[in-house]
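Visitor: Could you walk me through the strands of this one?

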Amino acid sequence: MHVDYSVYLVTDNTPAILGDKDIIEVVRAAVEGGVTIVQLRDKTSDTAEQIRIAKALHAVTKPAGVPLLINDRVDVALAAGVEGVHIGQDDIDLASARRLLGKDAIIGVTANSLQEAEIAAKGGADYLGVGTVFATPTKENTKSIIGTSGVQYILTSLAQSAPEIKTVCIGGINAKNCQRVLYQTAAAQKSLDGVAVVSAIMAAKDPKKAASDLRELVATPPPFATSISAPALSHEDIVRIIPELVKRLAGKKPLCHNMTNLVVQNFAANVALAVGASPIMSNNSMEADDLASFGGSLVINMGTTTPEMRINHLNTIAAYNSVGGPVLLDPVGAGATQQRREGVAALMRGGYFDVIKGNEGEIRTVSGATGFKQHGVDSGASTLTLDDRVQLVKSVAAKERNVILMTGETDVVSDGERTFKISNGHAYLGEITGSGCTLGTTIASFLAVEREDKLLAAVTGILMYEIAAERAAKRESVRGPGTFVPAFIDELYAIRQESAAGNGDWVKAAK
Ligand code: 3NM
Ligand code: MG
């Protein structure tokens, strides 16, 4: 039997979620809205009442061709004659449920870990409810929060061990995050078959609209998804394409919206102007929707951390994510304090970053912030070897499905498939304030005009920035960091002008 798992509604009859609505009417509306499968999850009613509700729900779901499953209670499922059950790890065992319900019943199992997933798959479950993705008030006693990277990790293994098993994710999924979760969890050979939600529909004012919105959203990639499979970039490609991209930026003058710290506001605005973007320095999320609609990019710089800023950041990221406007995260000092570690984790749970740039410590914190340890680089060493840096950058980029840049003497930048090591730049960049932050501004400016190949945008930003620094440092007038800053801005401007005039020789300095 073909089952569509794409929008999976799990009911809840607690007043905090259902309110004073009637559960049958909510499910009826949700089915009209387009949910594809329903689970009755009732932790409080007596058996007779559960059977009564199950029969009433079945009268709604069956004519619509929507399977109805019962949480935990095989007896209720049998008595009501529904399509199957969903069983948790503390419920009846899978083999017994299968024996009682027969081979045609749909039986799903909750999996909070790879081990649970593989056992259930081997045991003949039809689908797995994988989670808990995000902490949720709906179920506070969940075993572990595995995040998108945990879901992806489980899918990666199942692709080998149980390629046929269906999967949905559960825990804190809603209209705002479902597209991103589906995108970021997709592993090379296996993607989720759907999302399971409780409160996103059961607590909605208009459950029919909530259901139809979800149905529409899960059927479409998020606006920030890249459609092409990334082309290999040879050295010759780079030398040819990069000056063209610099020229394109100069021609378009896209908005580069910076939510950045007080120290670098002025310098970042000057750098954005020099490379050919139109800077706007606004920390006010009330204007985020308007600014996101101008087709530019966003820099989130964590140099200033206050609880109010976090909400401002999240709202602004959401505005850009919803229109596919590129967002760069600069997790300044990410590992330094508990506040900042939590801040990074909250931002990464709350939105999508097309590019994350940081130094080694910051990227290691970003890696940890996904809340899910997996194989790969996790050495406790205070500094990583170049090979380990490459490994870490690649694995974080693959987990996040974005571009990760780790700056250092050799910058390492990867989209999970293609990795570049760049050794340009000058020591003076380490002697002035805001050089890391304004590299972020530069890369974000290129993202605004190159949304398909985000790695190319990042590499272009790094090379323009670092080669400009080398050229500035060579000027006779430059005798130290103070004289370096204006010369550096001049060289960014010069590279832009040369590229706009069709002269891309500067990029040959790429190392
Ligand atoms: N099971 P909401 S999380 C029923 O992780 C359930 O196994 C979970 O509710 C698990 O969509 C959960 O409102 C509740 O966040 C999901
Ligand atoms: Mg249970």
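What follows is a short chat about strands and their neighbours.

Guide: This is a predicted model, in which local features need pLDDT of at least 70 and side-chain atom pairs count only at pLDDT 80 or more, while totals for chains, interfaces and linings use all residues. Residues are numbered from 1 along each chain as its sequence is written, and chains are lettered from A and ligands numbered from 1 in the order in which they are written.

Visitor: Which way do the E5 residues point?

Guide: Ile-106, Gly-108 and Thr-110 point one way, and Ile-107, Val-109 and Ala-111 the other. In a regular strand the side chains alternate between the two faces of the sheet.

Visitor: And what does E5 pair with?

Guide: Strand E4 (residues 84-87) pairs with E5 in the parallel sense over 4 bridges, where pairing requires that DSSP finds at least two bridges between two strands, and Gly-84 stands opposite Ile-106. Strand E6 (residues 127-130) also pairs with E5 in the parallel sense over 4 bridges, with Val-130 as the bridge partner of Ala-111.

Visitor: Switching topic, what is the strand order in the open sheet of 8 strands?

Guide: The order is E10-E9-E11-E12-E13-E14-E15-E16, with mixed pairing, and the edge strands are E10 (278-281) and E16 (419-422).

Note on methods: Helix = DSSP H or I, 4+ residues; strand = E, 2+ residues; numbered from the N terminus. Buried ≥ 20, exposed ≤ 12 C-beta atoms within 10 Å, placed from the backbone.
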